[in-house]
Amino acid sequence: MTLSLNGIVGRGEFERMLDISVADGEVLAITGPNGSGKSTVIHTIAGLIPLRSGKLQSDGTTWDEPATNTWIASENRTCAVVFQDIRLFAHMSVISNVAYGLRARGVRKDEALSRSETLLARVGLTSFGNRRPNDISGGERQRVALARALVLEPRVLLLDEPLSAVDAASRSGLRELLPELLSGFAGSTILVSHDPADVEALASATLQF
Amino acid sequence: MRVWGTVSDVAVQRRELKFKKPGIDRFFHFVVTTGALVSLLVLGLIAVFLFLRGFQIFKDMGLSFITGSLWEGTGAPGEPTTYGIAPMLVGSIVLSLVAVVIALPLSVAAALFIEFYTAPRLKKFLVSLLDLAAAIPSVIYGLWGFFILAPRATEWAISLNHLFGWFPLFHVPAPFFDGSPFIGGMVLAVMIAPIITSVAREVFSQTPPDQISAAHALGGRKWSAIRYVALPFGRSGIIGGAMLGLGRALGETVAIYLVVNIAFKTNLNILFTGSGNIASMIALKFGEASQYEVKALLAAGFVLFAFTLAVNMFATYIVNLSKRKSA
Amino acid sequence: MTTPQKPWKKSVGLRLLDGGFAVLGLTLSGLVVLTSPMAGPEAVGFVAIPVIAIINFLRVFREGATARMNALATTLIMSAFLFLITPWLSVMGTVVSRGRAAIYSGFFTHDMRITPPKSALDMGGIKHAIIGTVIMVLLASIISVPLGILSGVYVTEIRGRFTGLVRFITQAMSGVPSIVAGLFVYSTFVLFFESYSGIAGAISLAILMIPTVARTSEEVLKLVSEDLRFAGYALGSTQSRNVFKVVLPTVRSGLVTSAVLGVARVAGETAPLLMTAQYFIASKTNPFDGPIASLPTYIFNMFQTGNRNSVDRAWGAALVLLGLVFVLFTFARVVTSARRRR
């Protein structure tokens with residue numbers, strides 16, 4: 001069992017009791033209407049908002065446990081997030097965006113760049129390295145965001161509506177790419193989506209909000 | 001067709017009604033416009049007046065008013081009279097540059113500290129402290145500079161000269177270290193640092209929190225998030241703040257007058273005694289100036305005014321640019 | 001939007017550990033300074049920054065390159081901050097500690113008419129300087145506050161043909177060196193009447209105040225929502241009625257703040273007053289009657305006199321001036337925060 005979350009997540013007035021566990025190679029889909037708190041789960045696991053109570057564990061390491069005042073800072077968790085609103089760094093080139101996490105973890109510059117290039121090739125953006133996020137299409141930005149997360153080789157991959165910020169034309173391309181990327185991914189994945197078709201295509205288990 | 005015509009008639013009538021202002025409104029407009037124009041006039045007049053009064057000097061001295069380094073005579077007939085402000089112009093620039101070079105890195109770091117390393121309540125207190133530090137009158141900074149900073153800074157200058165004297169900037173022709181551009185620049189640095197710090201902090205505070213949390217979620221520590229997100233985002237704000245500080249330093253009078261040995265000479269050895277800026281020169285000379293010399297001082301004032309104005313305009317432009325970017 | 005809330009703050013123990021290492025660094029630097037030709041507390045500071053940076057760097061050495069960079073950067077940022085606030089605290093501390101010596105019961109009720117600057121500190125005072133400052137600042141406010149606010153109203157409410165120009169000029173003039181304003185008034189007013197005077201001083205201060213008041217009142221007036229304005233018009237109100245009964249009352253406290261900040265800015269101005277009002281040893285209330293004292297020029301003069309007691313007097317007046325600026329600032333802040341709460 002790789003990732004397990006048993007407790008209450010919440011933001012502001014909103015609270016929800018959860019008991020989930022995701023094994024290696026498994027994709028847990030969380031579905032539900034907008035505003036039902038799906039993103040809150042993602043942000044809690046990523047360490048951007050605190051767990052209200054209970055326990056969050058990965059690979060036997062406790063990330064959050066309010067009862068014992070255990071908190072692992074966001075940057076020290078072996079997870080990577082693809083945000084719903086993408087959040088690329090607008091002032092950096094595409095390749096620097098992808099390499100950011102590696103550089104932040106202390107990987108040497110040339111190695112970080114070459115690994116980033118490999119990842120960009122895998123998401124089909126081979127010659128995009130020097131472009132700026134504002135100069136590429138929404139679908140391409142989403143691919144960069146995927147590469148930026150996957151290049152870290154995280155144990156936990158958190159995908160927040162990876163297809164929602166994308167126009168219909170690029171969506172079909174991403175629909176083909178995502179299963180390919182996920183099947184090659186060894187860790188646990190949590191996918192948030194409100195689209196039953198995506199869930200059908202990608203998930204090995206589903207949690208209805 | 002008939003119906004359409006009626007509708008537009010009504011509309012026209014309405015519009016006319018709206019445009020006929022009642023008398024009280026016309027009076028109100030008159031008062032407000034007059035007030036605005038009076039302030040416009042007062043402020044615009046200064047620039048025009050300085051230029052017109054100084055014009056005779058610009059005409060008489062030509063370009064040597066800027067490039068010359070002699071200030072002699074009263075303009076009485078038969079007396080050789082030359083006015084050139086080069087030493088003081090250079091002095092203004094050297095003093096302000098020393099100030100900005102010292103203040104900028106410290107201010108940016110302090111802004112980062114206040115914005116990203118402090119709890120909200122401490123942050124609020126420190127922001128008030130910044131405002132207050134920016135409001136301390138320059139005569140008090142001058143007093144403090146003379147009695148508290150200068151004795152210590154002279155020691156530092158001696159050590160600097162001891163270590164780096166081979167470098168032309170830190171060379172001194174004779175062992176006199178008091179009242180140097182270095183010390184004057186340090187006092188200016190203390191004075192402008194609050195301005196740079198608050199502008200930089202304000203820009204940093206507009207860094208999108210989404211981007212910072214994205215940086216953390218990808219494994220970035222605090223420094224990494226600052227280095228790759230906050231600093232690039234705030235770059236133009238930092239430059240703008242530095243320019244605003246530069247503008248303030250360029251026009252400073254009293255602090256320089258009290259701390260620096262005002263000497264009418266071009267001094268590029270920043271550790272060596274004696275320097276001055278245009279503002280302090282005006283304060284020094286106006287009392288005993290002849291009518292013609294007053295015109296020369298007005299011309300110098302115009303040069304200072306134009307220079308500061310250009311720096312400030314540029315600074316405002318850059319700060320606004322970064323504000324628009326974040327909006 | 002997710003603002004990271006942080007329960008994962010450093011624990012008290014970790015903070016103590018950080019502090020302990022900082023103390024260790026300071027002690028080490030102290031030892032270094034004692035065994036070298038350098039001297040003084042500031043030398044310890046200079047040495048301590050790199051020493052503590054290196055200590056923190058080594059503490060996280062095993063955690064990898066980014067941890068090391070992070071430790072280094074954190075130490076440097078904190079030291080730079082401490083380095084920077086030291087002079088400000090020093091200024092305020094010195095003014096208080098040295099200024100206290102000059103202040104006695106008669107400091108506010110005597111002037112320097114019969115007291116030479118070098119006489120003992122239980123004689124003479126700053127009554128004349130306070131009166132002069134109050135008169136000139138008051139006159140400057142009477143001139144500049146209405147003009148500044150009218151400019152703000154013009155730019156935000158009337159938006160006439162000169163809007164761009166008014167905005168440009170006020171923006172440009174707010175950065176004008178104060179000596180330039182002084183020089184302007186000197187070469188017109190003072191030379192024409194062949195006399196320094198309080199009114200000349202007030203005019204030079206007003207020139208510096210107008211842009212401050214105009215800009216801050218524009219900022220404040222811009223915050224009035226368009227809905228509120230249109231609501232007035234929709235009820236058939238005239239524009240003047242609307243401005244006086246709706247717009248201006250809503251932002252009254254903001255306008256007070258803008259005036260107070262303008263006063264705070266000019267109350268400590270020295271250079272323009274040296275050129276326009278000069279200095280006078282006795283109290284006077286007539287701004288048309290020759291040179292007149294003010295707190296900044298009093299400080300300047302006592303400093304220039306240069307003997308021990310006169311310098312102490314300068315510090316005493318500096319304490320009063322700083323206190324005045326502080327009170328004005330606190331007042332502006334209280335008014336502003338009262339408005340926010342409403």
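These legends describe several views of a predicted model.

**View 1. Chain A as a whole.** The secondary structure of chain A consists of 6 helices and 10 strands. Chain A has 209 residues and a radius of gyration of 17 Å, which agrees with the value near 17 Å for a compact globule of that length. Along the principal axes, the C-alpha atoms of chain A occupy a box of roughly 50 × 40 × 30 Å. Buried residues make up 55% of the chain. Among contacts in chain A with a separation of 6 or more, 68% join residues 24 or more positions apart.

**View 2. A:T189 and the residues around it.** A:T189 belongs to strand 9 of chain A, which covers residues 188-192. The relative accessibility of A:T189 is 1%, so A:T189 counts as buried. Leaving aside residues up to four places away in sequence, A:T189 touches A:V22, A:E26, A:V27, A:L28, A:L157, A:L159 and A:L182.

**View 3. Two loop residues of chain A with positive phi.** Most residues other than glycine have a negative phi. A:N69 has a phi near 55°, which is positive. This residue sits in the loop between strand 5 (61-65) and strand 6 (70-71) of chain A. A:N69 is exposed, at a relative accessible area of 54%. A:I86 also has a positive phi, near 65°. The loop that holds A:I86 runs between strand 7 (79-82) and helix 2 (94-104) of chain A. With a relative accessibility of 7%, A:I86 is buried.

**View 4. Chain B as a whole.** Chain B has 12 helices and 2 strands. Along the sequence these follow the pattern α-α-α-β-β-α-α-α-α-α-α-α-α-α. The radius of gyration of chain B is 27 Å, well over the 20 Å that the globule rule gives for 327 residues, so chain B is more spread out than a compact globule. The C-alpha atoms of chain B fill a box of roughly 95 × 75 × 30 Å along the principal axes. Of the 327 residues in chain B, 56% are buried. Residues 24 or more positions apart supply 74% of the chain B contacts that have a separation of 6 or more.

View 5. Chain B has an accessible surface of about 14,500 Å², with 68% of it belonging to carbon and sulfur atoms. The mean position of the 25 positive charges of chain B is 13 Å from that of the 15 negative charges.

View 6. An unreviewed UniProt entry places the feature "transmembrane region" at residues 27-52, 89-114, 126-150, 182-204, 225-246, 266-284 and 296-319 of chain B. In the model, residues 27-52 of chain B are 100% helix and 0% strand, and the end C-alpha atoms of this span are 35 Å apart. Residues 126-150 of chain B are 92% helix and 0% strand, with end C-alpha atoms 26 Å apart.

**View 7. An annotated domain of chain C.** The UniProt annotation "domain: ABC transmembrane type-1", from an unreviewed entry, covers residues 130-332 of chain C. In the model this span is 79% helix and 0% strand, and its end C-alpha atoms lie 21 Å apart.

Key. Residues numbered from 1 in each chain as written. Chains lettered and ligands numbered in written order. Predicted model: local features only at pLDDT ≥ 70, side-chain atom pairs only at ≥ 80, totals over all residues. Heavy atoms only, no water. Helix = DSSP H or I, 4+ residues; strand = E, 2+ residues; numbered from the N terminus. Rg over C-alpha atoms; globule rule 2.2 N^0.38 Å. Buried < 20%, exposed > 50% of the residue type's maximum accessible area, 1.4 Å probe, protein only. Contact = heavy atoms within 4.5 Å. Areas by Shrake-Rupley, 256 points an atom, 1.4 Å probe, with all protein chains shown as cover. Lys, Arg positive; Asp, Glu negative; His and termini not counted. Charge placed at Lys NZ, Arg CZ, Asp CG, Glu CD. UniProt positions renumbered as here; feature names shortened; annotations may be inferred.
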